[in-house]
Amino acid sequence: GNSLRSDLAVTVHEKNSRGAIENHLYTYNPASGHWQGLVTDGSVGEALMSPDNSKIVFALGTNEDLGSFWIIDLKTGEKRKLTNGEKDQDTWHAYGTWRPDSQETAFLQLRRVTGKGVETKLMASSLSSGATTVLLGPEVGVTAACYSPDGTRLAAITGQGLEIIKLPGLERVVIVPKSS
């Protein structure tokens, strides 16, 4: 959540109707104590409230899809998939961040690679166009990213160190080398 005065996105660890443990997405309002179930099919991972408190982006895993990113509009209840998970169960999405205007989310696509460990790509999904693009490929070794307060840059931890990435041109500047 963004404030204790508004709804919080909460991943709740609970039993489903078959007795199996799953994680489900709820909102919780601290002032009223009201809980609202949003996603109870599949298993929800990380969930992030948008800066304007109107949407939640979340990871959802099913038996056929290890973890795709989805978005739910809290006003309409509309839920849509932002990414496509892989059927091989070796690719998933996590570690999301919102652009301050709530119109884009960036996240990591992680993929298990035999003999190499995990490769990552930094991805972004535009909510207005619906397009998901690769910002930085697996050769960069991104492990985390977040938007600047004005949304014109990303800070990212990469194989080079801490970098600032100017948007939209993706000009990269290392500000703290990995060796530091």
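**Pocket and cores**

Modeller: In this predicted model, two strands, β10 (117–126) and β11 (132–136), each supply at least two residues of the lining of the largest pocket, and β10 gives the most to that lining, with three residues.

Biologist: What makes a residue part of the lining of the largest pocket, and which residues are the closest to its centre?

Modeller: A lining residue must have an atom within 4 Å of a point of the pocket. The largest pocket holds about 180 Å³ of space, and of the 14 residues that line it, Arg99, Glu104, Leu135, Leu167 and Pro168 are the closest to its centre.

Biologist: How do the residues of this lining divide into nonpolar, polar and charged?

Modeller: The lining of the largest pocket has six nonpolar, six polar and two charged residues; Gly counts as polar in this division.

Biologist: Why is a set of residues called a nonpolar core, and which members of the largest one touch the most other members?

Modeller: The name applies because the residues are buried, of nonpolar types, and joined through side-chain atoms within 4.5 Å. The largest nonpolar core has 15 such residues, of which Leu122, Leu136, Val142, Leu154 and Ile165 touch the most other members. Among the strands that each supply at least two residues of this core are β12 (144–147) and β13 (153–158), while β9 gives the most, with three residues.

Biologist: What does Leu136 touch, leaving out residues up to four places away in sequence?

Modeller: Leu136 touches Lys121, Leu122, Val142, Ile165 and Arg172. A second, separate core has 11 residues, including Ala47, Met49, Leu60 and Trp70.

Methods. Residues are numbered from 1 along each chain as its sequence is written. This is a predicted model: local features need pLDDT of at least 70, side-chain atom pairs count only at pLDDT 80 or more; totals for chains, interfaces and linings use all residues. Side-chain values use heavy atoms; hydrogens and water are left out. On a 1 Å grid over the protein atoms alone, a cavity is a set of points where a 1.4 Å probe fits but cannot get out, and a pocket is an open set with protein on both sides within 12 Å along at least five of seven lines; lining residues have an atom within 4 Å of a point. Grid points are joined across faces, edges and corners, and a volume is the space filled by probe spheres set on the points. Helices (H or I, at least four residues) and strands (E, at least two) are DSSP runs, numbered from the N terminus. Buried means under 20% relative accessible area, exposed over 50%, partly exposed in between (1.4 Å probe, protein chains only). Contact means heavy atoms within 4.5 Å.
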